[in-house]
Amino acid sequence: MPELPEIETLRQDLSRFMVGKSISAVSAANNRSIRAHSTVGEFEEPLIGTHVREIRRKGKFLSITVSSRHRQDFALVAHMGMSGQLRRFASRIEIPKHSHVVLELSDESLVVFVDPRTFGQLYLDELNDSGLASSLSRLGIDPINQPEQIFNALQKCMNRKIGIKWLLLDQSHVCGIGNMYADEILFRAGIRFDRPCQTLSAEEVAAVASAISEVLNEAIQLRGSSLKDLQYRDVAGGLGGYQNMHLAYGREGLECQRCHGIVERMFSKGRSSYLCRSCQR
Ligand SMILES: [Zn+2]
């Protein structure tokens, strides 16, 4: 599942060729991909003829601001789910299988929502006062460019009994982190995934907060992570590079790069977690 670094890479790439263009045609072939709307027309019609002003991101969501002559500015929101991709194609002949929504831009290029597993979705939304899709207000802080707020958001939850990893995955405190980056962040912080929040010292919370900033920013620099079992591709179909830097996730049975112990995989709450028992306490 694409997480914050992959979605930020997508945002940067899409901004380069969508902002300043108009959307000249829209076709949604799969109702499940636009399930927030009761009819296809309710999704397609407002978008036709709009002008793309900017593309913002919060957590794992993109909020594409469009302006229209007929109504106030609004947002086209995109969530990739398990396997969604937004890809750019020069012509319809190139469009692959599982392409559910096609936006045609004023330069005739196509932005295509491809999603084999159909957990992702696109929907239209109003803008809130800060110019983001209103539905994204329910998310916690986005950790990029606000490192000091991460500590505060986590510290507020440190009276809880749940394991620290489940707090990181809960999008209502800090948003954008999924299973893969949570394991990388906790490895860097030296903390086990199942350590109850209430047992963490302020220094340990600070270590988690720093690791969130560092890991996510480094992953953005390398254009995210593409793994064999995951579907992440950038707009041109290219791969990210951060998977080669992983120290925990996907490294079951391999030597720990820090202590030369062995990275283990443990199952809890339906998810696997990768950790080094001697580096993470
Ligand atoms: Zn180790």
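Strand E3 is largely enclosed by the rest of the structure, because six of its seven residues are buried. A residue is termed buried if 20 or more other C-beta atoms lie within 10 Å of its own, exposed if 12 or fewer do, and partly exposed in between, with C-beta atoms placed from the backbone. The model is predicted: local features need pLDDT of at least 70, side-chain atom pairs count only at pLDDT 80 or more, and totals for chains, interfaces and linings use all residues. Residues are numbered from 1 along each chain as its sequence is written. Helices (H or I, at least four residues) and strands (E, at least two) are DSSP runs, numbered from the N terminus.

**The sheet**

E3 belongs to an open sheet of four strands, arranged in the order E2-E3-E4-E8 with antiparallel pairing. Strands E2 (51-58) and E8 (121-126) are at the edges with a single partner strand each, so one side of each is left without a neighbour in the sheet. On average, and ignoring direction, neighbouring strands of this sheet are turned by 25 degrees against each other. Two strands are said to pair if DSSP finds at least two bridges between them. In general, strands of a sheet pair through backbone hydrogen bonds, either parallel or antiparallel.

With E2, strand E3 pairs in the antiparallel sense over seven bridges; Leu 62 in E3 is the bridge partner of Arg 57. The two strands form a hairpin with two residues between them, and Gly 59 in the turn has a positive phi of about 55 degrees. On the other pairing, E3 (residues 61-67) and E4 (residues 74-79) are antiparallel over six bridges. Here Phe 61 stands opposite His 79 in E4, and Ile 64 stands opposite Leu 76 in E4. A hairpin of six residues joins E3 to E4.

**Helix packing**

Axes are lines fitted to C-alpha atoms, for helices over the stretch in contact, and angles run from 0 to 180 degrees between N-to-C directions.

| Helix pair | Axes come within | Crossing angle |
|---|---|---|
| H1 and H6 | 9 Å | roughly 40 degrees |
| H3 and H6 | 9 Å | roughly 135 degrees |

Angles under 35 degrees count as roughly parallel, over 145 as roughly antiparallel, 65 to 115 as roughly perpendicular and the rest as oblique. H3 and H6 are therefore oblique to each other. Their contact is made by Pro 147, Ile 150, Phe 151, Leu 154 and Gln 155 of H3 with Val 205, Ala 206, Val 208, Ala 209, Ile 212 and Ser 213 of H6. Residues are in contact if their C-beta atoms, placed from the backbone, lie within 7 Å.

From H1, Leu 4, Pro 5, Glu 8 and Thr 9 meet Leu 216, Ala 219 and Ile 220 in H6.

**His 37**

His 37 lies in the loop between strand E1 (23-28) and helix H2 (40-47). His 37 counts as partly exposed because it has 17 C-beta neighbours inside 10 Å. Leaving aside neighbours within four places in sequence, His 37 is in contact with Glu 42, Phe 43 and Tyr 123. Glu 3 is 34 residues from His 37 in sequence and 25 Å from it in space, C-alpha to C-alpha.

Note on methods
Contact = placed C-beta atoms within 7 Å.
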